[in-house]
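User: I would like a close look at a single part of this model, with the terms spelled out as you go.

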Amino acid sequence: MKEKIKILLIEDDEDDYILTKDTFSDIPGKSYELDWVSNYQDGLEAILKNDYNLYLLDYRLGKETGLQIIKQMSFRENTAPLILLTGQDDRELAFEAMEAGAADFLIKTDLKPDLLDRSIRYAIQRHETINKLRKKEEELQELNANLEQLVLDRTNELNIAHEGLKKSLEIERKMGELKSRFVSMASHEFKTPLTSILSSASLLERYTESSEQEKRFKHVVRIKSSVQNLTNILNDFLSLEKIESGTINSAPEQFTINEFIFTLLDELTPLLSNNQIVKFYHKGEITIKLDKHLLKNILINLLSNAIKYSPIGKDVSLKTICTKENLKIEVTDQGIGIPDEDKQHMFERFFRAANASNIQGTGLGLTIVKRYVEMMGGEIGFKSTLNVGTTFKVVLPILVS
Ligand code: ATP
Ligand code: MG
């Protein structure tokens, strides 16, 4: 059997209730179940409880009116349909009720079973249709919100991809710039060692006598040192290229510092002039954990600068102080110093101070040193007085695991 439609009549006159009940019982099919409350307050509460499929409200309810209830309910979503009943045909009242959200307006004296039945069924059907539409609208709104979120997410993703692209284009641009500057620098810097190799080689050809062994030896040394020079320039460039393209990383490993430095100083001996020495002082921990390759490069660059920018015979000192937290490095020379106006450019690519023009160099060493120091999470600085000397200081944090 089909479920019955539950209806509540809010009516202060019991006679009218009985009449209405009779009308209901004359509706064929007996598909309604009618309850009754007799005052405004009970009616209001019953509507708020949502227990019925439809409410019939009498216009007169003691001091209050059914219209008041309808007006109060007009702000509430999803109230079951409300039909207003009145004693007389009052068009004004009908309009007011419909405007306030009444589902229909019926005159008691005209209340016939078929009219009542049709009015109730239409009201319920409309109510259901509206509910369905409301649900659809909510779904649509949710869909919209989802769509908006999706668009936002995609935009974000695109932005991120765009950033990445911009970054790699920036790297590309930097590399291009670096390469073209290197070509112009190399075409200049390579000339001297290449000329010297060529002249030494052609002289070697001529020294055929065994008595000329010493001259031959001199030229072989010159060729070797020129080749070394070219190799150094190329190595510097390759290091810089690796830094710029981001293919180099700090990879710390454990080792003992003094052994490491002694081997490194051995490698530097050929650079020293007569009587020139590198004095090495160490204080603190012996075992450290740092990237050996990067550290070696930093030290070789700073020490070879100190050596080559010093007059013949002026000693260079290397101090290392090692704690559990960091390694401090100080390289001091008594050399030509750095002019004040050049100090601010010291770590720029290809920069060379005005007083260094007749000493071989490409201006890449300190750029590489600074980048390596940063890569290791450290800091670099220097102090210099023209014609007195220069001290470079580096602090590298030791991240012991
Ligand atoms: P290279 O790429 O071969 O190292 P470079 O020595 O000229 O060439 P950097 O090491 O970057 O390049 O140094 C840049 C400039 O800083 C040098 O050209 C020099 O003018 C100045 N400089 C660096 N170290 C010293 C120093 N110890 N004393 C005086 N000037 C220095
Ligand atoms: Mg240098």
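In which helix does Ser 196 lie, and what surrounds this residue?

Analyst: This is a predicted model, in which local features need pLDDT of at least 70 and side-chain atom pairs count only at pLDDT 80 or more, while totals for chains, interfaces and linings use all residues. Residues are numbered from 1 along each chain as its sequence is written, chains are lettered from A and ligands numbered from 1 in the order in which they are written, and side-chain values use heavy atoms, with hydrogens and water left out.

Ser 196 lies in helix 6, which spans residues 191–206; helices here are DSSP runs of H or I with at least four residues, strands are runs of E with at least two, and both are numbered from the N terminus. With a relative accessible area of 19%, Ser 196 is buried, a word used for values under 20%, whereas exposed means over 50% and partly exposed covers what is in between, with a 1.4 Å probe and protein chains only.

Leaving aside residues up to four places away in sequence, Ser 196 touches Arg 222 and Ser 226, where contact means heavy atoms within 4.5 Å. With Ser 226 there is also a polar contact of 2.9 Å, which joins the two side chains. That term stands for a pair of N or O atoms within 3.5 Å; within protein, one must be able to donate a hydrogen and the other to accept it, and residues adjacent in sequence count only if both atoms are side-chain atoms.

Elsewhere in the model, helix 9 (residues 292–308) lies across strand 9, strand 11 (316–322), strand 12 and strand 14, and Leu 327 stands opposite Leu 396 in strand 14.

Definitions and conventions
Pairing = 2+ DSSP bridges. Axes fitted to C-alpha atoms, helices over the stretch in contact; angles between N-to-C directions.
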